[in-house]
Amino acid sequence: MFIQYTFDLLLSILMVLLFALDTNTRVSATSLKSPKVTSIAWGSICVEGAKRCLKNAMCYPGGSKKWSKHGTRHRQGIALSDIDDLLDAGAQIIILSSGMDKRVHVQGETLKRLKELKSNNDIDEFEILPTKQAVMQYNELAEEEKLVGTLFHSTC
């Protein structure tokens, strides 16, 4: 039992480190859990295991980090590179937050790619929801230990 626990812990650490290197190689996240959101308020999202709350967060199997690439610009919207980060972390279910007031857009090429991934069975599903609904759906899936990844925007 101790050996299995140690192995799982080392594997989890390795997977997080691989993701942190931001490689283009997709990693297997079968033993990693997506961290739950512990609180959400205007301008602040707190994630299990994070050192501090963030305005925008990316959560994925094995961890979370500040999300700041493109999604913080409402009109530009969520870009393909943001989705790639979630896929590289092993997410099979993608939930995108459209913001508290639904002002964050999803780029057309990003939406097209998500539809292709779903139709090719490369991902199980994807959803675009207002932030509070996205948090509820994400936490439910994380509780079920699904390989879920998300981008949360806590304002607009």
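Strand E3 (residues 56-60) and strand E4 (residues 63-66) pair in the antiparallel sense over 4 bridges, where two strands pair if DSSP finds at least two bridges between them. The model is predicted, so local features need pLDDT of at least 70 and side-chain atom pairs count only at pLDDT 80 or more, while totals for chains, interfaces and linings use all residues. Residues are numbered from 1 along each chain as its sequence is written, and side-chain values use heavy atoms, with hydrogens and water left out.

**Overall architecture**

- The chain contains 4 helices and 7 strands; helices (H or I, at least four residues) and strands (E, at least two) are DSSP runs numbered from the N terminus.
- Read from the N terminus, the order of elements is α-β-β-β-β-α-β-α-β-α-β.
- Of the 156 residues, 43% count as buried, where buried means under 20% relative accessible area, exposed over 50%, and partly exposed in between (1.4 Å probe, protein chains only).
- The accessible surface of the chain is about 8,500 Å², and 53% of this belongs to carbon and sulfur atoms; areas come from the Shrake-Rupley method with a 1.4 Å probe, and for residues only the protein chains shown count as cover.
- Among contacts in the chain with a separation of 6 or more, 69% are accounted for by residues 24 or more positions apart; a contact means heavy atoms within 4.5 Å.

- An open sheet is formed by 5 strands in the order E4-E3-E7-E5-E6, with mixed pairing.
- E4 and strand E6 (125-129) are the edge strands, each pairing on one side only.
- On average, neighbouring strands of this sheet are turned by 10 degrees against each other, direction ignored.

**Helix packing**

- H2 packs on the sheet, where it touches E3, E4, E5 and E7, and its direction makes about 35 degrees with that of E3; axes are lines fitted to C-alpha atoms, for helices over the stretch in contact, and angles run from 0 to 180 degrees between N-to-C directions.
- H4 lies across E3, E5, E6 and E7 and runs at about 155 degrees to E7.
- The axes of helix H2 (residues 80-88) and H3 come within 9 Å and cross at roughly 35 degrees.
- On the H2 side of this contact are Leu80, Ile83 and Leu87, which meet Glu109, Thr110, Arg113, Leu114 and Leu117 in H3.
- By class, the contact of H2 with H3 comprises 5 nonpolar, 1 polar and 2 charged residues; Ala, Val, Leu, Ile, Met, Phe, Trp, Tyr, Cys and Pro count as nonpolar, Asp, Glu, Lys and Arg as charged, and the others, Gly among them, as polar.

**Cysteines**

- A search of the whole structure finds 1 disulfide, defined as a pair of cysteine sulfur atoms within 2.5 Å.
- The disulfide joins Cys46 and Cys53, with the sulfur atoms 1.7 Å apart, and the link is right-handed with 90 degrees about the S-S bond.
- Cys46 is buried at a relative accessible area of 13%, whereas Cys53 is partly exposed at 34%.
- Cys59 counts as buried at 0% relative accessibility, and Cys156 counts as buried at 17%.

**Positive phi in loops**

- Lys102 has a positive phi near 60 degrees, lies in the loop between strand E5 (93-97) and helix H3 (108-119), and is exposed with a relative accessible area of 59%.
- Glu145 also has a positive phi near 60 degrees and is placed in the loop between helix H4 (131-143) and strand E7 (148-153).
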